[in-house]
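Subject: Handover of a structure with notes

Dear colleague,

Please find the structure below, followed by an account of what was found in it. I would be grateful if you read the notes with the structure open beside them.

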Amino acid sequence: MCDACGCPNLTGHVHVGGAILHAETSKQIDVMRALLHDNDRQAAHNRVHFDAAGVLVVNLMSSPGAGKTSLLEATIRALRGRLTIAVIEGDLETENDARRIRDAGAKAVQITTGSACHLDAAMVHAALHALALRDLDILFIENVGNLVCPAGFDLGQHKNVVLLSVTEGDDKPEKYPVMFRAANLLGITKTDLTEAVGDFQTLRALRHFRQLANPAPMLELSARNGDGMAAWIGWLIAERGRLRPARTMHAHD
Amino acid sequence: MHELAVCQSILAQAAAIAAANNADRVERITLRIGRLAGIEPGLLRTAFPLVAYGTCCEAAILCIETAAIDVECRLCGTTRDVAPNRLLCGSCGTWRVTVRGGDEMRLESLELAPVPAKEFSDV
């Protein structure tokens with residue numbers, strides 16, 4: 001201990017006149033914050049917008065070509081006149097998907113991500129300015145087709161829906177655990193092709209999914225022949241109702 | 001791929017904290033990343049210098065602590081470290097487990113370079 005000032009260290013400081021000057025030492029700062037702190041904050045902000053408007057927001061994720069846009073087209077057609085839907089489309093290039101959504105009868109906002117492999121909360125927030133959230137019942141965010149990166153970025157959504165098409169193979173949940181663990185609903189898509197594919201077993205996919213300790217429901221869907229669509233629409237309506245029971249559907253009847 | 005975005009987020013936070021503490025250099029950045037976080041430490045180390053170049057973190061040591069996956073069985077109470085795609089009870093095999101750890105992705109601490117104490121050179 002320093003006799004002059006009681007400092008625990010003899011070195012590292014000097015006395016100049018009446019003042020104690022501490023020598024240069026590195027300063028350790030405990031941060032304990034999420035790595036994606038800024039994104040998380042933006043996502044929380046988005047969620048406030050969504051909740052205030054009473055709109056259910058679903059983040060739709062899958063590999064490219066699993067049938068996200070086809071499912072959305074069928075969903076928009078099935079809910080026409082009952083619920084108002086809009087879609088935020090994330091794509092590396094092209095407006096093709098947005099065009100398909102508009103043709104199906106819903107508003108679509110395209111985010112062209114360039115080389116980015118995922119959407120983040122700031123991109124979604126920027127897209128919100130093109131939407132009248134209060135007029136919507138459900139907003140889908142069609143994420144970039146990718147089973148890796150989108151799982152890490154909260155967008156402010158209420159629910160994550162992850163699609164797995166039968167043509168991809170039933171072991172995808174085992175290969176991409178981070179993505180499938182984040183799912184609030186697992187949709188097995190293109191079930192009309194199951195027979196042609198031959199070796200896709202839904203129960204095996206479900207077993208791999210449960211091995212991620214995820215209790216979320218699984219639905220078998222075909223946007224082409226309509227299989228499972230009633231259950232899917234039922235899930236959406238139930239989640240929409242859970243969000244804000246006070247706002248009923250009569251406004252759109 | 002998204003490791004680059006994660007690096008940018010780390011850099012932005014580190015730069016803001018350094019500025020708030022009047023430090024012009026960050027010497028060490030300590031992260032804690034769980035095996036369920038979906039972030040590859042190796043890729044993060046590769047991406048970091050690209051993002052840090054020309055910033056206050058350019059010379060910083062990136063220190064990554066990895067966290068094991070810790071599941072607790074809701075049926076029999078067993079706790080165990082498991083693989084990311086086998087979040088099952090190691091004892092009874094059920095998937096009805098609670099994941100208590102392993103999905104951390106946290107900026108734990110920073111070590112900031114000392115602010116040059118001008119007074120010292122005057123002594």
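In which hand of crossing, left-handed or right-handed, does H2(A) pass H3(A)? Before the reply, please note that this is a predicted model.

**Helix packing in chain A**

The crossing of H2(A) past H3(A) is right-handed. Helix H2 of chain A covers residues 68-78 and helix H3 of chain A covers residues 96-104; their axes lie 9 Å apart, at an angle of about 15 degrees. Because angles under 35 degrees count as roughly parallel, H2(A) is described as roughly parallel to H3(A). From H2(A), the residues in this contact are Thr69(A), Leu72(A), Glu73(A), Ile76(A) and Arg77(A), and from H3(A) they are Asp97(A), Arg100(A), Ile101(A) and Ala104(A). Sorted by class, the contact of H2(A) with H3(A) has four nonpolar, one polar and four charged residues.

The crossing of H1(A) past H4(A) is left-handed. On the H1(A) side the contact involves Asn39(A), Gln42(A), Ala43(A), His45(A), Asn46(A) and His49(A), while H4(A) supplies Ala121(A), Ala122(A), Val124(A), His125(A) and Leu128(A). The contact of H1(A) with H4(A) has five nonpolar and six polar residues, and no charged residues.

**The sheet of chain A**

Seven strands of chain A form an open sheet with parallel pairing, in the order S6-S5-S7-S4-S8-S9-S10. Its edge strands are S6 (107-112) and S10 (218-220) of chain A, each of which pairs on one side only. From one strand to the next, the twist averages 20 degrees. Within this sheet, strand S4 (residues 56-61) of chain A runs parallel to strand S7 (residues 138-142) of chain A, and five bridges join the two. Asn59(A) has Ile141(A) as its bridge partner in S7(A). H4(A) packs on the sheet, where it touches strand S5 (85-91), S6 and S7 of chain A; the direction of H4(A) makes about 140 degrees with that of S6(A).

**Where the chains meet**

Chain B contributes 38 residues to the contact between the chains, and chain A contributes 33 residues. On the side of chain B that touches chain A, the elements giving two or more residues are helix H1 (3-20), strand S1 (26-34), strand S5 (97-101), strand S6 (105-112) and helix H3 (118-122) of chain B. Of these, S6(B) gives the most, with eight residues. The side of chain B that touches chain A has 25 nonpolar, seven polar and six charged residues.

Strand S3 (residues 27-34) of chain A and S6(B) run antiparallel and are joined by six bridges. Arg33(A) has Leu107(B) as its bridge partner in S6(B), and Lys27(A) stands opposite Leu112(B) in S6(B).

**Helices of chain B**

The axes of H1(B) and helix H2 (residues 41-52) of chain B come within 9 Å, crossing at roughly 55 degrees. That angle makes H1(B) oblique to H2(B), and the crossing of H1(B) past H2(B) is right-handed. The contact of H1(B) with H2(B) has ten nonpolar, one polar and one charged residues.

**Confidence**

For the complex, the predictor gives an ipTM of 0.86 and a pTM of 0.87. The average pLDDT of chain B is 91, and 93% of its residues score at least 70. Within chain B, confidence is highest in S1(B), at 97, and lowest in H3(B), at a mean of 50. Where pLDDT is low, predicted coordinates should not be read in detail.

With kind regards

Note on methods
Residues numbered from 1 in each chain as written. Chains lettered and ligands numbered in written order. Predicted model: local features only at pLDDT ≥ 70, side-chain atom pairs only at ≥ 80, totals over all residues. Left-handed = near helix turned anticlockwise from the far one by under 90°. Helix = DSSP H or I, 4+ residues; strand = E, 2+ residues; numbered from the N terminus. Contact = placed C-beta atoms within 7 Å. Nonpolar A, V, L, I, M, F, W, Y, C, P; charged D, E, K, R; others polar. Pairing = 2+ DSSP bridges. Axes fitted to C-alpha atoms, helices over the stretch in contact; angles between N-to-C directions. Parallel < 35°, antiparallel > 145°, perpendicular 65-115°, else oblique. pLDDT = per-residue confidence, 0-100.
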